[in-house]
Amino acid sequence: MQNKSLGQHWLKDRLILEAIADCADLQPTDTVLEIGPGLGTLTSVLLGRAERVVAVEFDEKLASKLSGQFPGKQLTVYNQDILTFNTDKLPHVYKVVANVPYYITSKIVQRFSTCTNMPESMTLLVQKEVAERIVAEPGDMSILAVSAQLYWEVSLGPIVGAEWFTPPPKVDSRVVMLKRREQPLVDPAKQKVFFRVVKAGFSERRKKLRSALAGGLAMEKTDIDTLLARAKVSPEARAQELSIEQWQRLAEALA
């Protein structure tokens with residue numbers, strides 16, 4: 001029985017589940033954090049490849065069933081909201097693999113980008129459009145793309161059609177892989193100003209950067225002109241056209 005409020009759609013095809021695990025590049029010594037294991041179909045594949053699986057399931061009934069489903073296997077189940085789960089319970093090196101409910105994707109990326117014990121990688125099956133937004137390039141950037149690419153090297157995996165799920169969602173899904181950068185592209189000490197500028201720029205996507213930044217930063221347009229000139233960014237540009245490096249220059253010019 002699905003809990004519609006949790007966005008539950010079951011994926012049972014073994015070949016697709018194996019393909020997701022392939023994208024995660026799992027090794028026999030790995031610890032895997034699985035988010036929302038549901039009926040345990042992906043859990044089964046992960047347990048066959050990794051040393052240990054830690055599964056965090058919000059649905060109490062599913063969590064209690066999962067615990068006894070794989071006797072003799074290194075499986076730990078927590079009945080908890082992943083957004084409040086303490087990652088310090090995990091070893092220093094671990095990987096996240098999950099079929100993620102669409103409504104929570106951005107929050108999960110944000111949570112694991114900024115937690116004290118970041119995973120080595122994340123392999124997520126998400127809404128196709130969201131996966132493609134995460135890996136977008138200048139021209140199609142969004143706050144999600146900027147904030148993900150700041151911390152991760154991102155790439156796309158296979159598309160999974162809606163027909164492979166029970167019940168079928170209204171849209172197709174796609175695997176997105178996020179591999180942790182050795183260092184984020186922006187120094188943590190400078191990220192507050194960086195995100196202030198990014199959020200201001202994207203506050204009114206349809207407007208040119210000059211107007212969006214003036215409104216978002218509560219500054220005069222003449223001061224914004226100076227800022228843009230210092231950062232060597234065109235006032236005619238729009239937020240989605242900028243690279244992370246250009247946002248970085250703007251943040252430094254503001255600071």
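In which handedness of crossing does H6 pass H7?

## Basis of the model

This is a predicted model, in which local features need pLDDT of at least 70 and side-chain atom pairs count only at pLDDT 80 or more, while totals for chains, interfaces and linings use all residues. Residues are numbered from 1 along each chain as its sequence is written, and side-chain values use heavy atoms, with hydrogens and water left out.

## Helices H6 and H7

The crossing of H6 past H7 is right-handed, meaning that the near helix is turned clockwise from the far one by less than a right angle. Helix H6 covers residues 143–151 and helix H7 residues 191–202, and their axes come within 10 Å and cross at roughly 155 degrees; H6 is therefore roughly antiparallel to H7, a term for angles over 145 degrees.

On the H6 side, the contact (heavy atoms within 4.5 Å) is made by Ile143, Val146, Ser147, Leu150 and Tyr151, and on the H7 side by Gln191, Phe194, Phe195, Val198, Lys199 and Phe202.

## Serine 121

Serine 121 lies in strand S6, which spans residues 121–127, where strands are DSSP runs of E with at least two residues, and helices are runs of H or I with at least four. With a relative accessible area of 11%, serine 121 is buried (under 20%, whereas exposed is over 50% and partly exposed in between, with a 1.4 Å probe and protein chains only). Leaving aside residues up to four places away in sequence, serine 121 touches Tyr94, Lys95, Val96, Trp152, Leu178 and Lys179.

## Cysteines

Cysteine 23 counts as partly exposed because its relative accessibility is 22%, whereas cysteine 115, at 9%, counts as buried. The count of disulfides comes to 0, with a disulfide taken as a pair of cysteine sulfur atoms within 2.5 Å.

Definitions and conventions
Axes are lines fitted to C-alpha atoms, for helices over the stretch in contact, and angles run from 0 to 180 degrees between N-to-C directions. Angles under 35 degrees count as roughly parallel, over 145 as roughly antiparallel, 65 to 115 as roughly perpendicular and the rest as oblique.
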